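Reader: I am new to this structure. Where should I begin, and how do I read what I see?

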Amino acid sequence: MAPEAITTDASSDVTITGKIYTRVRLATKSDLSHIYKLFYQIHEYHNYTHLYKATESSLANLLFKENPLPLFYGPSVLLLEVSPTPFDEPKTTTNEGFKPVRKTFDLKFPVVEGQVEEFRSKYDDKSDVYIAGYAFFYANYSCFYDKPGFYFESLYFRESYRKLGMGSLLFGTVASIAANNGFVSVEGIVAVWNKKSYDFYVNMGVEIFDEFRYGKLHGENLQKYAHNKDKNGEGSC
């Protein structure tokens, strides 16, 4: 079936039927406002907006440092973009050092992009591209392997783009980056209460270790260690 984009309103919605074209690419500084909004949305999804402290400025300092770590060792964001029309063939190499991944999905039902201007991609001159979701990860290290792995912080899709199979593409791309660049694992927290998410990661080959529990030292309990003094009144560290 041929792809079709129907603009239902001159100012807002675009409905995509037939096929939807996707591109996974490494985020750039031009994506900062989109990343900020997506990070806020995942906190909203988990009812944690009261804990959301990030600003566009703080994210810029985190993700797009002037002197960054080697590729994929620092905090990295992959964006999944969608379009009703095909993407151009990706270049063999890009300035970001990562070749974008493209895939076409056959749609069983129409997909409505209801935030056209808010999530229109600024990456290139193609004007009918919208940011659908992201994956956020960074390198960690374990003496178990004596090599770096990835800590997978989060994967999120805007509501219109869920249940289309795109999660497998995005997580699979992160796993492929790890496997092809000498990283030995992709690991992170899996919410036990979210059965769909839990099942997704298991189906992707993630092994869940029930014998371990997630621990967190933060807030007042962490601040107890600030300026720690020994009995002689001098710093103990």
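Author: Begin with one atom pair. The backbone oxygen of Ile-131 lies 2.8 Å from a polar atom of the side chain of Arg-158. This is a predicted model, so read that distance as computed.

Reader: Where is Arg-158 found?

Author: Arg-158 sits in the loop between E8 and H3.

Reader: Is Arg-158 buried or exposed?

Author: Use the cut-off: buried means under 20% relative accessible area. Arg-158 has 5% relative accessibility, so it counts as buried.

Reader: Which residues does Arg-158 touch, not counting residues up to four places away in sequence?

Author: Arg-158 touches Leu-38, Gln-41, Glu-113, Gln-115, Phe-119, Ile-131 and Ala-132. Ile-131 and Phe-119 turn up again around His-34. His-34 is in helix H1. At 1% relative accessibility, His-34 counts as buried. Beyond residues up to four places away in sequence, His-34 touches Glu-118, Phe-119, Arg-120, Ser-121, Lys-122 and Ile-131.

Reader: How far can I trust the model? What is the mean pLDDT of the protein?

Author: The mean pLDDT is 89, and 89% of the residues reach 70 or more. Residues 1-10 are another matter: there the pLDDT is below 50. In the model this stretch has 21 contacts beyond near neighbours in sequence. Where pLDDT is low, the predicted coordinates should not be read in detail.

Reader: Now the overall plan. How many helices and strands are there in the protein?

Author: Five helices and nine strands. From the N terminus, the order is β-β-β-α-α-β-β-β-β-β-α-β-α-α. Now look at contacts between residues at least 6 apart in sequence: 71% of them join residues at least 24 apart.

Reader: In what order do the strands of the open sheet run?

Author: Six strands form the open sheet, in the order E5-E3-E4-E7-E8-E9. The pairing is mixed.

Reader: Which strands stand at the edges?

Author: To find an edge, count partner strands. E5 (101-106) and E9 (186-187) each have a single partner strand, so one side of each is left without a neighbour in the sheet.

Reader: How do I read the pairs one by one?

Author: Check the sense and the bridges. E3 and E5 pair in the antiparallel sense over six bridges. There, Lys-19 stands opposite Asp-106 in E5. E4 and E7 are antiparallel too, over seven bridges. Leu-78 stands opposite Ala-135 in E7. E7 and E8 also pair in the antiparallel sense, over 10 bridges. Ser-142 has Lys-147 in E8 as its bridge partner.

Reader: How many residues of E7 are buried?

Author: 10 of its 13 residues are buried, so E7 is mostly covered. Across the protein, 38% of the 237 residues count as buried.

Reader: What should I look for in the interior?

Author: Look for nonpolar cores. In soluble globular proteins, nonpolar side chains tend to be buried together. Here the largest nonpolar core has 35 residues. Leu-78, Leu-80, Tyr-161 and Met-166 touch the most other members. Elements that each supply at least two residues include strand E4 (76-83), strand E7 (130-142) and helix H3 (166-180). H3 gives the most, with seven residues. A second, separate core has 18 residues, among them Leu-32, Ile-35, Tyr-52 and Phe-64.

Reader: Which residues is Leu-80 in contact with, leaving aside its neighbours within four places in sequence?

Author: The list includes Thr-22, Arg-23 and Val-24. It also includes Tyr-130, Ile-131, Phe-157, Met-166, Leu-169 and Leu-170.

Reader: Last topic: the backbone. Which residue in the hairpin of E7 and E8 takes a positive phi?

Author: Asp-146, with phi near 60°. That hairpin has four residues between the strands. Look for positive phi in other loops too. Asn-47 has phi near 60° and is not a glycine. Asn-47 lies in the loop between H1 (32-45) and H2 (56-63). Lys-163 has a positive phi of about 65°, and it is not a glycine either. Lys-163 is in the loop between E8 and H3.

Reader: Are Asn-47 and Lys-163 buried or exposed?

Author: Asn-47 is exposed, with a relative accessible area of 61%. Lys-163 counts as exposed at 73% relative accessibility. Exposed means over 50%.

Notes: Residues are numbered from 1 along each chain as its sequence is written. This is a predicted model: local features need pLDDT of at least 70, side-chain atom pairs count only at pLDDT 80 or more; totals for chains, interfaces and linings use all residues. Side-chain values use heavy atoms; hydrogens and water are left out. pLDDT is the predictor's confidence in each residue, from 0 to 100. Contact means heavy atoms within 4.5 Å. Buried means under 20% relative accessible area, exposed over 50%, partly exposed in between (1.4 Å probe, protein chains only). A nonpolar core is a set of buried Ala, Val, Leu, Ile, Met, Phe, Trp, Tyr and Cys residues joined through side-chain atoms within 4.5 Å. A polar contact is a pair of N or O atoms within 3.5 Å; within protein, one must be able to donate a hydrogen and the other to accept it, and residues adjacent in sequence count only if both atoms are side-chain atoms. Two strands pair if DSSP finds at least two bridges between them.
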